[in-house]
Amino acid sequence: MSFVHDQTLRLDLLRSLSEKPPLFAPGEPLFWDDPHISQGMLAAHLDPDTEAASRSPAEIDRIVGWLVDALALEPGAAVLDLGCGPGLYAARLAARGLRVTGVDYSRRSIAYARTYAAEHDLAITYRCQDYLTLADDAGYDAALLIYGDLCVLAPDVRDALLRAVRRALKPGGGFALDVTTRHLRARAGLRNGWYAAESGFWKPGPHLVLEQGFDYPEHDIYLDQYIVIEQDGTVNVYRNWFQDYTPEAITAALEGQGFAVRGVWGDLAGTPYAPGTEWIGLVAEKGGE
């Protein structure tokens, strides 16, 4: 859409786009695979000094070490890493002798992951695929969904993914994931502001970014929205939805799709859960038919 029409600023369009949207109203689809945006995302994944896209290398090491024990993964076990990005977890797991399949729809991240695996002689299978289309059947000893990926999904989409993950696991297979709580948003706050850039994360050329945060406290949901206006008047709206959870809510979601929750922690490195924590780490097991 265009912000400029017959040399006139479309303030009506901007006003409309700035209104609080309905829950899980879509923005630009699958934008993490955009040729420009994916470049910035890969850089963020690989930057050891920021946790904007991935946790720090030291924290990833802690998580991998703990998960191998918590999921009782022996060398040769098959692990499915959903939303694997550039393979930060997959590479570490494969180095421990596990048979890893990584799934991510960012072509840039998958290309990096494949190159890294080849250079380090790691036998990892990477698939460039939206994991919402997962159709694997009983092939894995464990599955991972790390760094709050489940939080971005509307409840019906979340439930469909959980069913697909369950189907992909062998009987008794383990599932490790983490989700955010409302305490994270209370600390981080809501984005509200604007900036202009000659080039930046969203676009390679000059553009204006209007950042907005919306809270839906009655649903434990919030939205980070970015209205990006390019020099020629082109407008894109990028939306990141986040569903927060309590231990009771995420346990109910998992059990509703046939998982048995084996443990709840404050993260996926084994920190004991305590009220006020910003994250919840869970290990679940595929239940019986």
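1. In this predicted model, Phe214 has Leu223 of strand β10 as its bridge partner. The two strands concerned, β9 (residues 207-216) and β10 (residues 221-230), run antiparallel and are joined by 10 bridges.

2. These strands belong to an open sheet of four strands, in which the order is β8-β9-β10-β11 and the pairing is antiparallel. The edges are formed by β8 (192-197) and β11 (235-243), each of which has a single partner strand, so that one side of each remains without a neighbour in the sheet. On average, and with direction ignored, neighbouring strands here are turned by 15° against each other.

3. Because Phe175 lies in strand β7 (residues 169-180) and Phe259 in strand β12 (residues 259-265), the pair ties together parts that are 84 residues apart in sequence. With a relative accessibility of 0%, Phe175 counts as buried, and Phe259, with a relative accessible area of 4%, is buried as well.

4. Another aromatic pair, that of Phe201 and Trp202, is edge-to-face, with 5.0 Å from centre to centre and 90° between the planes. Trp202 is buried, its relative accessible area being 5%, whereas Phe201 counts as partly exposed at 30% relative accessibility. Both residues take part in one aromatic cluster, which is formed by Phe31, Trp32, Phe201, Trp202, Tyr226 and Tyr238.

5. Where charged side chains meet rings, two cases may be noted. Lys20 lies over the face of Tyr216, at 4.4 Å from the ring centre, while the charged end of Arg55 sits over the ring of Trp279, 4.5 Å from the centre of that ring.

6. For helix α3 (residues 57-70), the geometry can be checked directly: at 1.5 Å a residue its 14 residues should span 20 Å, and this agrees with the 20 Å that separates its end C-alpha atoms. Just after the helix, Ala72 takes a positive phi of about 55°.

7. Which residues of α3 are buried? They are Glu59, Ile60, Ile63, Val64, Gly65, Trp66, Leu67, Val68 and Ala70.

How values were computed. Residues numbered from 1 in each chain as written. Predicted model: local features only at pLDDT ≥ 70, side-chain atom pairs only at ≥ 80, totals over all residues. Heavy atoms only, no water. Buried < 20%, exposed > 50% of the residue type's maximum accessible area, 1.4 Å probe, protein only. Phe/Tyr/Trp six-rings, centres within 6.5 Å; stacked < 30°, edge-to-face > 60°. Lys NZ or Arg CZ within 6 Å of the ring centre and 35° of its normal. Expected span 1.5 Å × (residues − 1). Pairing = 2+ DSSP bridges. Axes fitted to C-alpha atoms, helices over the stretch in contact; angles between N-to-C directions.
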